[in-house]
Amino acid sequence: MIETLPGFRQFYPEDCAARNYLFSIWRRVAVSFGFQEIDGPQLEPLELFTEKSGEEIVGQLFNFTDKGERNVSLRPELTPRVAVMAGSKANALRKPVKWFSLGEMFRYEKPQKGRLRSFYQLNVDLFGEENCSADAEVMGLCISILKSFGLTDKDVVLRLSDRTLWLHCLNGWGLDEASALRCLTVIDKVERVERSELVKQLDGIMTGKGDWLLESAEGLLKIKSLSELDGFVAKHFSGTEHAAVLAARIEEWRYLLKSFEDMGLSDFVQVDFSIVRGLAYYTGFVFEVFDRAGESRALAGGGRYNHLVRKMGGPDLPAVGFGMGDVTLRNLLEEKGLMATFADTLDCYVIYNGEESRTEALCDIMRLRELGFSVDYPLKGGNFGKLFKTANQRGARFVLIYGPDELEKNVVKVKEMLAGREQELHREHFIEMMAQLIRG
């Protein structure tokens with residue numbers, strides 16, 4: 001037997017049903033927020049991703065040279081393509097632009113729990129609105145999706161941070177923009193790397209002051225509320241040239257947190273400045289969603305990326321969005337006992353006896369199928385007792401019986417499996433009456 005490649009999955013019917021269940025919730029909630037569905041190609045020019053993230057991303061890609069001598073890659077994410085799509089029609093699009101997509105992504109990395117080389121992802125993007133009401137809308141959608149799966153604020157938390165505020169603080173501590181961005185890549189590792197190594201890396205940015213810089217950053221990392229943020233800014237920047245810009249940014253924080261309160265979602269949100277999202281294109285509020293037990297990878301993540309559309313060749317177009325993968329989400333739902341179960345179900349299972357009965361049965365089967373009902377039958381006939389057992393195993397709501405007696409009376413015997421009731425329906429009006437029974 002030829003095995004699947006490492007990090008790739010094959011989907012049996014029950015797995016497809018589970019995947020489609022995730023898709024159905026993703027799609028339903030996104031549409032309820034007024035987002036429209038889009039999609040893009042799975043195979044892209046390699047430069048689409050190197051332009052956004054730099055050459056270092058190539059090691060994480062399934063990239064190759066195609067038969068036209070083009071450097072191409074299977075898509076690891078959809079955000080760059082969505083940015084191109086938005087930019088190419090920016091002048092014609094009604095603002096704000098609210099788009100979402102569901103698709104398969106590919107990343108060449110070591111397969112492990114919660115991370116595979118092939119996975120499905122919900123991508124949500126909002127373009128054309130700078131006000132942080134757009135951030136609230138996108139994060140509110142993210143939380144609402146998780147709530148729709150039965151997860152509560154006791155199960156998951158959205159950890160909210162702010163690269164803009166980080167950059168203002170780092171600038172106030174003497175770092176220019178380029179050095180501040182390098183510093184953020186170090187701070188992004190704060191939960192995964194030893195302190196001594198962090199100090200060493202920061203020393204490379206601010207010579208001889210790595211320990212002081214980390215100590216200063218740790219003050220911001222400890223903040224868990226808006227009142228603590230107010231106190232931190234007053235302590236470190238009161239009376240400086242940076243005080244006014246930081247005060248203005250805190251007002252945006254106040255507006256955003258009030259929006260969550262108004263939406264009834266405050267209990268899901270935690271201020272957490274350790275979240276900085278390592279990718280340099282993020283420009284403002286950023287967030288990641290985690291299992292509160294801390295036993296899984298991030299369930300979702302995203303934030304502001306106001307300059308990406310321009311970087312991809314389009315006009316200036318503010319943007320905010322997030323991605324949510326199927327692997328970690330399904331793992332968590334199964335751990336919490338919240339994953340729906342999927343049994344084989346049919347509206348009708350048809351039993352017949354003899355070729356003449358089969359002819360009549362096939363006519364009705366096709367008419368019911370054309371109405372959208374799920375109907376199956378034994379391709380080779382068989383023993384009635386065994387076929388009733390098959391109908392039970394298939395989860396059929398109704399069994400339709402076509403035998404010599406029914407044929408002679410020009411009826412179909414209908415057995416309602418759950419209630420055990422039987423009745424005979426005349427063939428003349430059978431399809432209409434059977435449709436009413438199925439629809440309840």
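Which residues form one aromatic cluster? I looked and found Phe8, Phe62, Phe106 and Tyr108.

I note that this is a predicted model, where local features need pLDDT of at least 70, side-chain atom pairs count only at pLDDT 80 or more, and totals for chains, interfaces and linings use all residues. Residues are numbered from 1 along each chain as its sequence is written, and side-chain values use heavy atoms, without hydrogens and water.

**Aromatic pairs.** I found 15 aromatic pairs in the structure. Rings of Phe, Tyr and Trp (its six-membered ring) pair if their centres lie within 6.5 Å; planes under 30 degrees apart are stacked, over 60 edge-to-face, and the rest tilted. I looked up Phe127 and Tyr305: the ring centres are 6.3 Å apart and the planes stand at 90°, so this pair is edge-to-face. Phe127 is in strand 6 (residues 118-127) and Tyr305 is in the loop between strand 10 (300-304) and helix 11 (308-311), so the pair ties together parts 178 residues apart in sequence. Helices (H or I, at least four residues) and strands (E, at least two) are DSSP runs, numbered from the N terminus.

**Burial.** Buried means under 20% relative accessible area, exposed over 50%, and partly exposed in between (1.4 Å probe, protein chains only). Phe127 is buried at 0%. Tyr305 is buried at 2%.

**Charges over rings.** I counted a charge as over a ring if NZ of Lys or CZ of Arg is within 6 Å of the ring centre and within 35 degrees of the ring normal. Arg159 lies over the face of Phe290, 4.6 Å from the ring centre. Arg249 has its charged end over the ring of Phe285, at 4.1 Å from the centre.
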